[in-house]
Structures are given as C-alpha cells and as structure tokens.
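Thanks for coming, everyone. I have a few minutes and one model to walk you through. Please bring it up on your screens.

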Amino acid sequence: MAAHPEPAAMLFCSSTFIKGGKILVFPVDGSHWVNMKVIIEELHSRGHEVTVLRPSDTWYIKEDSPHYKTININSPVGYDEKGLGSFVIKTIIMQREGASIWTQISLNYELMIQVSEMNKKLLQTMEGIFENAKLMQSLSDAKYDLFLTDPANAGGVLLCRQMGLPLVFNVRWTIQSDGHEAIAPSPLSYVPIPGAMLSDKMTFTQRVKNVAYYLFMWFCVQCLIYPTYQPFVHRHFGTDVHYMELFQSADIWLMRNDFTFEFPRPTMPNVVYMAGFQCKHSKPLSKELEDFVQSSGEHGVIIMTLGSLVKNLPEDIAEDIAAAFAQLPQKVIWRHTGKRPSTLGNNTLLLDWLPQNDLLGHPKTKVFVAHGGTNGIQEAIYHGVPLVGLPLMFDQHDNFFRMEARGVAKVLDIATVNRDNFLEALKEVLYEPSYRDKMKTLSNLHRDQPMKPMDRAMFWIEFVMRHKGAPHLRTESYKMSMIQYYSIDVVAFLLTVVLLVFAVFITVVRFLFRRLFCRSKAKKE
C-alpha cells in the first residue's frame with residue numbers, strides 16, 4: 001500500500017499553488033453532483049472562487065453553500081427525480097415479467113425516449129440562457145478563468161463554447177457513450193462497447209457481438225442524439241461545426257475511472273485518471289450505529305443500498321431479500337424507505353439514509369450489496385469490501401460485469417432474484433475467501449499511486465488556469481472528417497496510383513508484345 005508522506009504533499013501543494021482563480025461550473029444533478037461537489041469543495045479549500053449554475057428542478061444542488069456561489073437558472077434542465085425513480089421501478093417490473101427479446105427492446109425503447117426528452121428539455125433551457133442577454137453579459141463580465149462541467153449532458157459544453165473559456169471535464173460518460181470513445185482510438189477487437197458485457201479477451205463470436213452492439217449504439221445516436229443537437233449547434237456556432245467537436249476540444253478530461261476498474265485500452269495525453277478521488281478514510285459512526293455494528297461480534301456486518309433513485313423495491317423483492325438476510329448470523333444495515341417487510345429479521349436495521357463511506361471503511365463490514373453506481377463501486381474498491389450486485393439500469397450492469405470479471409463480485413439478475421439465490425450469493429461472497437482476497441489486491445493496486453487522485457485532478461485544473469488551456473495535449477483529429485481520420489482518401493489515392501501503374505505496365509507489355517509479334521511475323525514472311 002502506497003504511503004503519502006506529509007513533506008511530499010506539502011512540497012506538491014507549494015509547487016502548484018496559484019493565485020485563486022474563478023471557475024464556472026455547469027453540473028449534472030443526481031449522483032453526478034455528489035462527486036462534482038467533492039471537487040468544488042477541494043477547489044474552494046485551495047482558494048479558488050467557484051460559481052455553480054443551478055437549475056430550478058435540482059435534486060441535490062443547494063442554493064446556499066460556504067464552498068460556492070450559485071446562479072439560478074429559472075428553467076428546468078430536464079431532471080425529474082420522481083419521474084426517473086418511477087422509470088427505475090417500471091424497469092424492474094418489466095424485467096421480472098420476462099427476459100424475452102421483446103422485453104429488452106421495450107426497455108431500450110423506454111430508455112431512449114426518456115433520454116431524448118431530457119435532451120430536448122436541456123436544449124430549451126440552453127436556448128433560454130443564450131437569449132438572456134443580461135445573464136450572458138454578467139457571465140462575460142465575471143471574467144472566469146475556467147469552465148468545469150460533466151459532459152453526461154451537453155449543456156455545459158454548449159455554454160463554454162459560447163463563452164470561449166478553457167474547458168475541463170469531470171467525466172465518465174458523454175451524451176453518446178463512454179468518454180474514451182469520443183477522443184481515443186477504440187479498436188473493437190479488444191475494447192468492449194459499454195453495455196455489451198464483454199471483456200478485452202473476446203472470441204470470434206464475442207467480437208461479432210461487440211461490432212453489432214457498436215452499430216446498434218451508433219444507430220441510436222444517429223436517430224436520437226444527432227438530430228436533437230445538430231440544429232442547435234448549426235444555429236449558434238455555424239453549419240461547419242459538428243456537435244461532437246465541442247466535446248473533443250476540451251482541454252482536460254478528468255476521468256472517473258482507472259485501470260483497476262477499466263480494461264486496458266488506448267488513451268490520450270489529455271485524459272487524466274482520478275478514480276476514487278471522492279473516497280476518504282472512514283469517520284467514526286454515531287454511537288447508536290457503532291453499537292449495532294459491534295453487536296455483530298465475529299460475524300460482521302452487511303451493508304445494502306441501491307442508490308438515490310431506488311428508495312424502495314417492489315414488495316415481493318423486498319420480502320425475499322429481508323427473508324434471506326434473516327437467515328444469516330451477520331448484522332445487516334439496509335437503506336430502505338418503503339413498507340417494512342414482514343419477513344424482516346432481528347438482525348436487520350432499516351435506515352432512510354446511511355453513511356456509506358464510513359460503513360464501508362469499518363473493519364467489521366464484510367459485504368456490500370449495491371446497484372453498481374460508479375461512486376459506490378469505487379468506494380468498495382478503496383476499502384477492500386467484496387460485492388453482491390443487483391444492477392438495475394444505465395451503466396450498472398456493465399460496471400458489475402467488470403467487477404465480476406475480476407472475481408470480486410457476485411452478480412444477480414433483478415428479474416430472477418429470490419430469497420434462495422440471494423442467500424446463496426451472500427454466503428458465497430461471505431465464506432469464499434477469494435472474493436475478499438482479490439478485492440484487497442484490487443484495493444492495494446488502486447491505492448499504490450505516486451499521487452493521490454484528488455491531487456492529480458487539482459494539478460491539472462490549475463494547470464489549465466495557469467496556461468489558459470492545454471492545446472498541446474489535445475489531438476487535432478477531431479477536426480478531421482471520417483474519411484480523413486481513417487485515411488480512406490489516402491488509401492483510395494494509393495489504390496488509384498497502383499491501378500494506374502498496373503494499367504500502364506499492362507499497356508506497355510501489350511505494346512511490346514505486339515511489336516515483337518509483328519517483327520517475328522515480318523521475318524517469317
């Protein structure tokens with residue numbers, strides 16, 4: 001496990017300190033705001049002035065904070081906590097009704113419609129911001145040094161282009177797919193498309209599946225994302241600008257993963273990996289919670305939470321999970337706000353909210369039952385706690401596939417989970433030492449770095465402010481057409497030259513042959 005000596009940390013801080021800059025933040029709400037807030041708090045602690053654009057339909061972004069100022073946008077950005085929560089529950093119900101191909105098509109269709117509607121609302125908001133001359137003038141007068149955003153939606157990217165500021169991403173996803181795919185070469189032979197549930201070691205059949213999945217995602221983007229965004233981009237930035245150019249021109253991509261989580265793949269100089277930057281040493285629990293944890297004795301504790309969108313499960317699933325927990329000697333702390341299951345055992349404590357990081361860092365925590373959000377998985381890796389997965393939607397299945405491939409998680413299908421297979425999965429992870437051993441190895445790899453992920457993120461944010469951007473790290477490939485990028489024009493030219501040379505050669509040979517034939521014929525005569 002890597003050590004981080006204080007003198008080195010002090011030297012690092014002193015060598016990179018700059019006069020406090022002014023940073024404008026366009027965040028994505030929900031769980032994305034949780035990790036953006038961590039970066040904002042660190043920026044504030046380093047003397048930077050942070051201003052956050054706060055939409056009227058926000059879930060978590062508070063108007064008053066000691067760490068940032070806010071500018072309220074009196075227009076929804078497209079987030080609806082109740083709507084998304086209902087969609088998650090609807091997804092679970094549909095999955096449990098059957099795992100047929102038609103069910104999967106229906107789920108994908110519902111998800112695409114949901115995403116499309118959110119993007120349309122977002123563009124309505126951005127149109128309102130661009131037309132608000134007073135707001136745009138005030139943003140210009142503020143003289144910001146840097147624009148920080150999460151490109152999971154394009155709002156911040158569009159506004160940054162309009163303002164002409166250096167751009168830094170806090171990123172895992174763009175509006176199209178995994179952030180890497182927007183800027184880095186992604187050979188389909190060994191780079192799995194997110195959602196395809198494949199590793200970097202693919203058989204021929206799996207490579208066919210990977211290509212098919214890529215084509216399906218490309219089709220979805222062309223049908224839903226491109227026609228939604230391109231008219232807006234043409235209207236405001238010119239008809240020669242493609243909306244993905246706005247993403248690809250970002251100075252630094254602070255990537256919320258690393259290669260303890262991601263399969264090895266090509267990357268780019270302006271991609272900075274900061275997986276686990278939000279992870280911290282655990283703090284002491286409240287007395288009541290600590291007493292409950294200590295009461296578990298040698299058996300330890302199981303933690304369960306399914307994220308911000310799933311406050312309660314369908315009753316039949318909750319009953320089965322509670323019944324499985326009741327058969328274990330471990331104590332259980334479960335974030336659950338729905339109806340109290342009738343099968344709940346005396347060993348299980350239900351909470352509306354739980355201190356996830358502090359519980360994962362507790363020495364008595366044995367297993368983490370989770371939905372597969374990136375933040376939760378990275379905290380589990382940081383603290384070395386093996387997983388039982390109940391992925392629901394979005395990137396969660398793909399995240400857990402990566403953990404299962406590394407032997408640190410047992411994953412269940414929410415469509416078929418019941419008390420028996422849930423109990424079996426818990427026992428396997430609890431009592432098979434390889435799960436904890438492999439997770440400890442993964443944790444050691446993650447922690448063994450020359451610089452803490454947060455320090456690395458801060459260095460590059462301040463680097464961009466110091467140098468007014470980082471164009472020397474950014475490839476110019478995004479300015480190329482697809483024909484240029486894949487050298488199709490070069491191949492066509494070279495092929496034409498080869499064919500021309502071959503044609504000339506054939507012509508010369510035929511000419512010489514005819515001439516020799518004619519001479520030979522003349523001699524005979």
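The protein chain has 19 helices and 13 strands. Keep in mind that this is a predicted model. The chain holds 525 residues, and 50% of them are buried. Now take the contacts between residues at least 6 apart in sequence. Of those, 65% join residues at least 24 apart.

Let's start with a helix. Which residues of α13 are buried? Here is the list: T374, N375, G376, I377, Q378, E379, A380, I381, Y382 and H383. That is ten of the ten residues in helix α13, residues 374–383, so the helix is largely enclosed by the rest of the structure. What do those buried residues pack against? Their partners are α2 (31–45), α12 (356–360), β11 (365–370), β12, α14 and α16 (433–447). Just after α13 comes G384, with a positive phi of about 70°.

Next, a loop residue. L390 sits in the loop between β12 (387–389) and α14 (396–405). Is L390 buried or exposed? Its relative accessibility is 0%, so L390 counts as buried. Pick out H371. L390 and H371 are 19 residues apart in sequence, yet their C-alpha atoms are 4.8 Å apart in space.

Now a helix residue, N210, in α8. N210 is also at 0% relative accessibility, so it counts as buried. Not counting residues up to four places away in sequence, N210 touches L188, V191, P192, I193, A196, L198 and M202.

The largest share, six residues, comes from α8. By type, the lining of this pocket has 20 nonpolar, eleven polar and five charged residues.

The largest cavity holds about 70 Å³ of space. Its lining is made of D178, E181, Y190, V191, P192, P194, E262, F263, P264, R265 and R402. Six of these residues are nonpolar, none is polar and five are charged.

Now the aromatic rings. A pair of rings is described by the distance of the centres and the angle of the planes. Across the whole structure there are 16 aromatic pairs. One of them joins W460 and F463: it is tilted, with 4.9 Å centre to centre and 55° between the planes. Why are these two about one helical turn apart? They are three residues apart in helix α17, residues 453–467, and that spacing separates them by about one turn. F463 is at 13% relative accessibility, so F463 counts as buried.

Elsewhere, ring pairs link F130, F232 and F237 into a cluster. A charge joins the picture here. The charged end of R161 sits over the ring of F237, 5.7 Å from its centre. Another charge over a ring is K331, which lies over the face of F292 at 5.0 Å from the ring centre.

Last, some backbone angles. Most residues other than glycine have a negative phi. Which way does M197 go? M197 has a positive phi of about 60°, although it is not a glycine. M197 belongs to the loop between α7 and α8. At 31% relative accessibility, M197 counts as partly exposed. K468 is another residue other than glycine with a positive phi, near 60°. K468 lies in the loop between α17 and α18. At 59% relative accessibility, K468 counts as exposed.

That's my tour. Over to you.

Methods. Residues are numbered from 1 along each chain as its sequence is written. This is a predicted model: local features need pLDDT of at least 70, side-chain atom pairs count only at pLDDT 80 or more; totals for chains, interfaces and linings use all residues. Side-chain values use heavy atoms; hydrogens and water are left out. Rings of Phe, Tyr and Trp (its six-membered ring) pair if their centres lie within 6.5 Å; planes under 30 degrees apart count as stacked, over 60 as edge-to-face and the rest as tilted. Helices (H or I, at least four residues) and strands (E, at least two) are DSSP runs, numbered from the N terminus. Buried means under 20% relative accessible area, exposed over 50%, partly exposed in between (1.4 Å probe, protein chains only). A charge sits over a ring if NZ of Lys or CZ of Arg is within 6 Å of the ring centre and within 35 degrees of the ring normal. Ala, Val, Leu, Ile, Met, Phe, Trp, Tyr, Cys and Pro count as nonpolar, Asp, Glu, Lys and Arg as charged, and the others, Gly among them, as polar. Contact means heavy atoms within 4.5 Å. On a 1 Å grid over the protein atoms alone, a cavity is a set of points where a 1.4 Å probe fits but cannot get out, and a pocket is an open set with protein on both sides within 12 Å along at least five of seven lines; lining residues have an atom within 4 Å of a point. Grid points are joined across faces, edges and corners, and a volume is the space filled by probe spheres set on the points.
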